[in-house]
Amino acid sequence: AFAEGLVLLGILWLIASRPRKPGVTGAWFLIAYGVLRITTEFWRLPDVGVQKLMGLSRGQQLSARMVVVGLAALALV
């Protein structure tokens, strides 16, 4: 909750405090939230019956996709 609450709030506050093009803050949300989720998933108990793919849990895989979408959105803005 700390990483996905206070840390994410701080990151987005720094980004949103300056004028930006529309969509930049949303793209950074996807990137930051995805990276924080990947990091916190290392301490989370794995889901029963879900196998790891390339050493990543299902939550980390989905979060990695979120980071890629955020980077693509940031490149398009």
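Phe 29 is partly exposed, with a relative accessibility of 33% (buried means under 20% relative accessible area, exposed over 50%, partly exposed in between, using a 1.4 Å probe and protein chains only). This is a predicted model, where local features need pLDDT of at least 70 and side-chain atom pairs count only at pLDDT 80 or more, while totals for chains, interfaces and linings use all residues. Residues are numbered from 1 along each chain as its sequence is written, and side-chain values use heavy atoms, leaving out hydrogens and water.

**The aromatic pair**
- Searching the whole structure turns up one aromatic pair (ring centres of Phe, Tyr or the six-membered ring of Trp within 6.5 Å; planes under 30 degrees apart are stacked, over 60 edge-to-face, the rest tilted).
- Phe 29 and Tyr 33 make up this stacked pair, at 5.5 Å centre to centre and 10° between the planes.
- About one helical turn separates Phe 29 from Tyr 33, because they are four residues apart in helix α2 (residues 24–40).
- An α-helix has 3.6 residues a turn, so residues three or four places apart point the same way.

**Ser 63 in helix α3**
- Ser 63 sits in helix α3 (residues 58–76); helices are DSSP runs (H or I, at least four residues), numbered from the N terminus.
- Is Ser 63 buried or exposed? Ser 63 is buried, with a relative accessible area of 3%.
- A polar atom of the Ser 63 side chain lies 2.8 Å from the backbone oxygen of Gly 59.
- Beyond its neighbours within four places in sequence, Ser 63 is in contact (heavy atoms within 4.5 Å) with Gly 34, Arg 37 and Ile 38.

**What covers α3**
- Among the buried residues of α3 are Gly 59, Ser 63 and Val 67.
- The cover over the buried residues of α3 includes α2.

Key:
Helices (H or I, at least four residues) and strands (E, at least two) are DSSP runs, numbered from the N terminus. A polar contact is a pair of N or O atoms within 3.5 Å; within protein, one must be able to donate a hydrogen and the other to accept it, and residues adjacent in sequence count only if both atoms are side-chain atoms.
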